[in-house]
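Let us take a walk through a protein structure together, starting with the whole and moving on to the details. Keep the picture open beside you as you read.

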Amino acid sequence: MSETLLETPDSVARAAQQIEQFQAESGKMGEKLILNLGPSHPSTHGVLRVLLELDGEIVTKAIPDIGYLHRGDEKIAENMTYNQFVPYTDRLDYLAPLASNVAYALAVEKLMGWTIPPRGQVIRVICSELARISAHLLGMGALAMDCGAMTVFLYIFTEREKIYNLIELLTGARFTTSYTRIGGQTRDLPPGFVDQAKAFVEQFKGKIDELDQLLSRNKIFVDRNKGIGIITKEDAIDFGLTGANLRGSGVYYDVRKDRPYLTYSEYGFSVPVGSVGDCYDRYLCRLEELRQSVRILEQALTHIPSGPINIGDGKGFLPRKDKVLTKMEELIHQFILVTEGIQAPVGEVYFGAENPKGELGFYINSKGGGVPYRMKIRSPSFVNLSILSKLLPGHMMSDVVAILGSLDFVMGECDR
Amino acid sequence: MPAPDAIASLQKQFPGKIGQAKEFRGEWTVDVDRDIVRAAAAYIKGTLGFNYIVDISSVDYFGEEPRFEMVYEFCVLGGPNNQQHLRVKTKVSEDDPTVDSLVPVYQGADWHEREVYDMMGIKFNGHPDLRRILMWDGYPYYPLKKDFPLEGLSSDLPGEAFSRPAPLEGGPFVAAPELIPPTVGEAPTTALEPRAKPAPLS
């Protein structure tokens, strides 16, 4: 008898039955095959390596192996000032760098006890939601490609290109944005940005429906995803999953709703929750989150308050260049800020933000001064992947690809 | 249960083993004796309802005793108290860097504890699979310790490559000025490291 717990009764169960029958009839023990998936396999979305033990086509054991992209970001953070670390956050979730920028800035601002002005907060909401749309599009496109639908992957890149153009307009960079600073942003919204963003949001609604029609009732896609990779509610909570992977399993948890930050409490949006917890539910959650992000963007773009975008405290945020060049006090502030950094209080904070992949958290332990004593990055992809060794056994080899696609992880964030 | 009440309940359940509750920026922190970490976690999960482990990290207070500190972040999920957050910390000495694993209580602790072991060398009693996770098997150092230099130490990647320390000059890193020797040009870059021990790690 096989000890493997089978989650789907149809094809997998039949295959398992056949194997058992074959073993019983031939008297041969099934020989296990070790298969090495990754670290450079297209469906592993980066450099994830999974050692699979196969019995025929069925996975009996899975050992994930990570760390191929480990750069020591936490060690680096201990050796530079808070603002110097902003570019490193671009490289955590490199599919949504703006969202990581915002999460990091908010974490340090929590340590400092600062709240940035309303206009800055709304700009950050716009940044986060644009990043979420961009990341979810890629996650869904990659899942579809892993299941054999190449078209979707190409279509979503048209939309991501438009988002990149908006981001370029806003930050000056398309990919590694480094947009936020502790206490504000590098620049205000450029002229024409709001109109262009509104135009993008308006035409994007139709594109979501297009995506929906392409995939949601596609026979092959549904067959590849429905009933595959079921994560129960209890497992999802116990393993600490976050983001669409947790909500797909039917747990209502969204940091934007439960511990609202920025101006999220002012917007009307709903949090989609799955019912079964399979790959298809996770896909549906992401699809619905696109629509909700569009809702948030529409509300945010129509009500952008006027006023400053950065905190007014001259000792906390770099003063304007014209003032630095003409006034003594601002010159001193700039000098201190650049050489010593922000003077943080003694203490420790944890701040988690709802990023496209899940809850990106920063635990900052400060002994005072301009450098964190310890900074731990709680990356959602790292935690989401930890369920693999429990989730994969019992599935067919071809389902592994769909499961990996549906978990939607980024190795830059997982390995840090 | 709100975090301050939860801490009071913990103090009642484990008298003498729980420290004072501290509040900073709206977050509640409590120190717990190392011996009762697992029992306290089981109580926090079972009775107090903090069913979700957000994060486990560790801090190296190099030069102090006890040297290490484990930091656990708990949170309530799936109820009306979704916003509750509780931080539990415990001190770990350098002579005996072991803590009871929380994997029997929260399965999600598995990879977090492996990472802490990999980065700081703290061992977990009762962990089902305590291997390195980010560095490769057989790597001799614990890179997040404060006495591990930023530039790295040379080590073998078995059969494949050899990793060398990275050059630090001109980089963005902050070094305490009083520790930089006057002969920067010839000095090894390890000397620029603010907290580096002179002797290499064993």
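What you see here is a predicted model. Begin with the two parts of chain A: the domain assignment divides this chain into domain 1, residues 11-65, and domain 2, residues 73-415.

Now step back and look at chain A as a whole. You can find 18 helices and eight strands in its secondary structure. Its radius of gyration is 23 Å, close to the 22 Å that the globule rule gives for 416 residues, so chain A is as compact as a globular protein of that length. Along the principal axes, the C-alpha atoms of chain A fill a box of roughly 90 × 45 × 35 Å.

Next, zoom in on helix α12 of chain A, residues 279-302, and see how other helices pack against it. One partner is α5(A), residues 118-146: the axes of these two helices come within 9 Å and cross at roughly 155°. Which way do α5(A) and α12(A) run, parallel or antiparallel? An angle over 145 degrees counts as roughly antiparallel, and α5(A) and α12(A) are therefore roughly antiparallel to each other. Their crossing is left-handed. Among the residues that make this contact are A:Val122, A:Ile126 and A:Ile133 of α5(A), along with A:Leu287, A:Leu290 and A:Leu297 of α12(A). By class, the contact of α5(A) with α12(A) has 13 nonpolar, three polar and four charged residues.

Another partner of α12(A) is α7(A), residues 193-215; here the helices pack at an angle of about 160°, with their axes 10 Å apart. That makes α7(A) roughly antiparallel to α12(A). The crossing of α7(A) and α12(A) is left-handed. Here A:Val201, A:Phe204 and A:Ile208 are among the residues of α7(A) that meet α12(A), where the residues include A:Leu287, A:Leu290 and A:Leu297.

Let us turn to where the chains meet. How many residues does each chain bring to the contact? Chain A gives 37 residues and chain B gives 31 residues. On the chain A side, the elements with two or more residues are α2 (73-77), α9 (233-238), β6 (344-355), β7 (358-369), β8 (374-378) and α15 (380-385). β6(A) gives the most, with five residues. The side of chain A that touches chain B has 13 nonpolar, 13 polar and 11 charged residues.

Finally, look for two backbone details. Most residues other than glycine have a negative phi, and most peptide bonds are trans. A:Leu262 has a positive phi, near 50°, and sits in the loop between α11 (255-258) and α12 of chain A. In chain B, a cis peptide bond joins B:Glu65 and B:Pro66, with omega about -5°. B:Pro66 lies in the loop between β3 (52-60) and β4 (68-75) of chain B.

Note on methods. Residues numbered from 1 in each chain as written. Chains lettered and ligands numbered in written order. Predicted model: local features only at pLDDT ≥ 70, side-chain atom pairs only at ≥ 80, totals over all residues. Contact = placed C-beta atoms within 7 Å. Helix = DSSP H or I, 4+ residues; strand = E, 2+ residues; numbered from the N terminus. Nonpolar A, V, L, I, M, F, W, Y, C, P; charged D, E, K, R; others polar. Domains from an automatic or database assignment. Axes fitted to C-alpha atoms, helices over the stretch in contact; angles between N-to-C directions. Parallel < 35°, antiparallel > 145°, perpendicular 65-115°, else oblique. Left-handed = near helix turned anticlockwise from the far one by under 90°. Rg over C-alpha atoms; globule rule 2.2 N^0.38 Å.
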